[in-house]
Amino acid sequence: MSEELNRKRKFCELVAQGLNPYRAAIEAGYSDKYAKTDSHKLLEKYEKEIEMLKPVVQKTLEKE
């Protein structure tokens, strides 16, 4: 799996958990500069994936 795909997946999972897009981008491996200026673009770009992950994340959190 490519590094970009890993960052995308991590970003989507973190936002689905409730983390703000800037913090999620940083933790997913994007640079601070990119996260500050473009995290909102990631949020828009991956909106569908994030919405699909929310119920899965919620169930996982409830089990813990």
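Helix axes are taken as lines fitted to C-alpha atoms over the stretch in contact, and the angle between two axes runs from 0 to 180 degrees between N-to-C directions. Helices are DSSP runs (H or I, at least four residues), numbered from the N terminus. The model is predicted, with local features needing pLDDT of at least 70 and side-chain atom pairs counting only at pLDDT 80 or more, whereas totals for chains, interfaces and linings use all residues. Residues are numbered from 1 along each chain as its sequence is written, and side-chain values use heavy atoms, with hydrogens and water left out.

Two packed helices are described by the angle between their axes and the distance between the axes. For helix α1 (residues 3-16) and helix α2 (residues 21-28), the angle is about 145 degrees and the axes are 8 Å apart. Contact (heavy atoms within 4.5 Å) joins Arg7, Lys10, Phe11, Leu14 and Val15 of α1 to Pro21, Ala24, Ala25, Glu27 and Ala28 of α2. By class, this contact comprises 7 nonpolar, no polar and 3 charged residues. Here Ala, Val, Leu, Ile, Met, Phe, Trp, Tyr, Cys and Pro count as nonpolar, Asp, Glu, Lys and Arg as charged, and the others, Gly among them, as polar.

Helix α1 also packs on helix α4 (residues 47-63), at an angle of about 60 degrees and with the axes 8 Å apart. This angle makes α1 oblique to α4; the term covers angles that are not under 35 degrees (roughly parallel), over 145 (roughly antiparallel) or 65 to 115 (roughly perpendicular). On the α1 side the contact involves Lys8, Phe11, Cys12, Glu13, Val15 and Ala16, and on the α4 side Glu49, Ile50, Leu53, Lys54 and Val57. These residues divide into 7 nonpolar, no polar and 4 charged.

Glu49 of α4 is partly exposed, with a relative accessible area of 28%; buried means under 20%, exposed over 50%, and partly exposed in between (1.4 Å probe, protein chains only). Beyond residues up to four places away in sequence, Glu49 touches Lys8 and Cys12. Glu49 and Glu13 are 36 residues apart in sequence, and their C-alpha atoms are 8.9 Å apart in space.

Note on methods. Helices (H or I, at least four residues) and strands (E, at least two) are DSSP runs, numbered from the N terminus.
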